[in-house]
Amino acid sequence: MAEMVRKESGGAILNHWMLAISCILLIVTGFAFLFHLDGVGAVFGGYETMKTVHNWVGVVFGVSLVFTMFQYLGDSLKYDADDAQWFKVAGGYLSHKVKVPPMGKHNPGQKLYYLGIVIFGIAIALSGLGIWLMKDNATIMLLSHLVHNVSFVFFCIMVPVHIYLSTLANPGTLQIMTTGMVPLELAKKRYPKWMKAIGKM
Amino acid sequence: MANENSKNRKAILVTPELCIGCRACQVACKSWNQLPGIKTKNNGSYQNPPDLASAAYNIIRYNEVPSQDNPVRWLFVSRRCMHCDDAGCMKICPSGALYKTDEGAVAFDRDKCIGCKLCVTACPFDVPRYDADGKVTKCHLCFDRIGAGMSPACVKTCPTGALKYGDREELISTARKDGFATLYGEQDLGGLGSVYAFKEEPKLYGMVENPAIPSSVNFWHTYLKPLSVIGLGGVVAAAAIHYLAIGPHKDNEEEV
């Protein structure tokens, strides 16, 4: 059996799915509020219950977001020359002919995506609390409503990108978030700098 | 929507000059809508209750505006929902609890209200109020009466004609003929469903000058809302095209 390396811990995987499921639930109910999708509302037994679900799932999302910061925030702030080159070749996504520079544990696209999730995640969580709890302050309500919806647009655009890139676009990636393991041979190709750093290469 | 409704769009024409401040409109409104009394206190004015409330869909404002020949001049104005054509409350409501009737009344469905109070922040006139159960309430132009061909309770009871109900266009042209130059609400927010015929400047009567939906709400409605769907759909389409045109990552080709 091929040798495997662990890329994600059990805790990280659990937290990833907590964040992912809450996020998707929030996007679906968010769309239902935005466009009065009565059918979605009916699933929850009405808009009132859907609001309660949306609010508390938002709390789960926020807590989960805080957990991720211990996991990825440090790495997501470090960029090197290979990362710059990665952007020049668009990560190799626009052509299979280009030479993609060697990557560490995460490529800069993932790191920036993560930073975006953190920034807009904090924005959408705090503004959500504003709408939920500061109903009688018109300034906070209006500001929160705007921030909440700007962040929502970010999630609507970036989450499907993340889902596509981690499944169909990169076969074999999804298992990182299920079993947490990657075959060593594959890891050497995809994350050579990380493999060198941990002495596997 | 405005054009479809403009033919049978109804309105209330308020002529403060004719108002004697009897507040029969307040009483009739309470009676028809079965609203409880409000415990109130003297605020140094005859205006009572002091402002709109969950149990007061309309009030007469007693503006004390002394003039040279009348040191105790009162300007009575009926304050109520303006039934905007472009209604901020309706725009922002996330549950569809606020809606427009065929007559152009902005009504509410209490059962649909989720109590978020976003409508309060989007209303240019500070009209929506919340009741003890956390549900929205406000003047609904007696949509149940006007839908059956009757006039709103307040208009029905007004003894002086300070409140008139009818086709919006007709009310406006009649007021014009009667010599009212300033018709408040004729153009604002796509045209209000409560039009005011003033002899003097609207601000003397305590009216909001240049009422508008908060710009962030309009920005959200015009750009962010569509962008969320277009963005999501666009990304899904782009992913499908990428998959078909360029195809997934192949680890073996990387060494090229």
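Biologist: Is Leu186(A) buried, partly exposed or exposed in this model?

Modeller: The model is predicted. Leu186(A) sits in helix H7 of chain A. A buried residue needs 20 or more other C-beta atoms within 10 Å, and an exposed one has 12 or fewer. Leu186(A) has 16 C-beta neighbours inside 10 Å, so it counts as partly exposed.

Biologist: Which element of chain A gives the most residues to the side that touches chain B?

Modeller: On this interface, 34 residues of chain A are in contact with 30 residues of chain B. Helices H1 (10–35), H3, H6 and H7 (184–190) of chain A each give two or more residues. By class, the chain A side has 22 nonpolar, 6 polar and 6 charged residues. The top contributor, with 14 residues, is H6(A).

Biologist: What pattern does chain A follow along its sequence?

Modeller: Chain A holds 8 helices and 2 strands. Its C-alpha trace spans about 60 × 35 × 30 Å along the principal axes. Read along the sequence, the pattern is β-α-α-α-α-α-α-β-α-α.

Biologist: What share of the residues of chain A count as buried?

Modeller: Chain A has 201 residues. Among its contacts with a separation of 6 or more, 64% join residues 24 or more positions apart. The buried share of the residues is 26%.

Biologist: Are H3(A) and H5(A) roughly parallel or roughly antiparallel?

Modeller: H3(A) covers residues 47–76 and H5(A) covers residues 108–133. Their axes lie 9 Å apart, at an angle of about 150°. Angles over 145 degrees count as roughly antiparallel. H3(A) and H5(A) are therefore roughly antiparallel.

Biologist: How many residues of the contact of H3(A) with H5(A) are nonpolar?

Modeller: The two helices meet in a left-handed crossing. H3(A) brings residues including Phe61(A), Leu65(A) and Met69(A), while H5(A) brings residues including Leu115(A), Val118(A) and Trp132(A). The contact also has 6 polar and 2 charged residues. The nonpolar number is 10.

Biologist: Which elements are included in what covers the buried residues of H5(A)?

Modeller: Buried residues of H5(A) include Pro108(A), Ile117(A), Ile124(A) and Ile131(A). Gly121(A) and Gly128(A) are among them too. The cover includes H3, helix H4 (81–88) and helix H6 (138–166) of chain A.

Biologist: How far apart are the end C-alpha atoms of H5(A)?

Modeller: H5(A) has 26 residues. At 1.5 Å a residue, it should span 38 Å. The model agrees with that, at 37 Å.

Biologist: How are H1(A) and H6(A) set to each other, perpendicular or oblique?

Modeller: Their axes are 11 Å apart and meet at an angle of about 120°. Roughly perpendicular runs from 65 to 115 degrees, and roughly antiparallel needs over 145. H1(A) and H6(A) are therefore oblique.

Biologist: Which residues of H6(A) make the contact with H1(A)?

Modeller: The crossing is left-handed. H1(A) supplies Cys23(A), Ile27(A) and Gly30(A). By class, the contact has 6 nonpolar, 1 polar and no charged residues. From H6(A) come Phe152(A), Phe155(A), Cys156(A) and Val159(A).

Biologist: Which helices do the buried residues of H1(A) pack against?

Modeller: H1(A) has 26 residues and reaches 37 Å, close to the 38 Å expected. Its buried residues include Leu19(A), Cys23(A), Leu26(A) and Phe33(A). They pack against helix H2 (38–43), H3 and H6 of chain A.

Biologist: Is Gln34(B) buried or exposed?

Modeller: Gln34(B) lies in the loop between H2 and E2 of chain B. It is not a glycine, yet its phi is positive, about 50°. With 7 other C-beta atoms within 10 Å, Gln34(B) is exposed.

Biologist: What is the form of the peptide bond from Asn48(B) to Pro49(B)?

Modeller: Pro49(B) lies in the loop between helix H2 (24–33) and strand E2 (59–64) of chain B. Omega is near -5° for this bond. The form is cis.

Note on methods. Residues numbered from 1 in each chain as written. Chains lettered and ligands numbered in written order. Predicted model: local features only at pLDDT ≥ 70, side-chain atom pairs only at ≥ 80, totals over all residues. Axes fitted to C-alpha atoms, helices over the stretch in contact; angles between N-to-C directions. Helix = DSSP H or I, 4+ residues; strand = E, 2+ residues; numbered from the N terminus. Parallel < 35°, antiparallel > 145°, perpendicular 65-115°, else oblique. Left-handed = near helix turned anticlockwise from the far one by under 90°. Contact = placed C-beta atoms within 7 Å. Nonpolar A, V, L, I, M, F, W, Y, C, P; charged D, E, K, R; others polar. Expected span 1.5 Å × (residues − 1).
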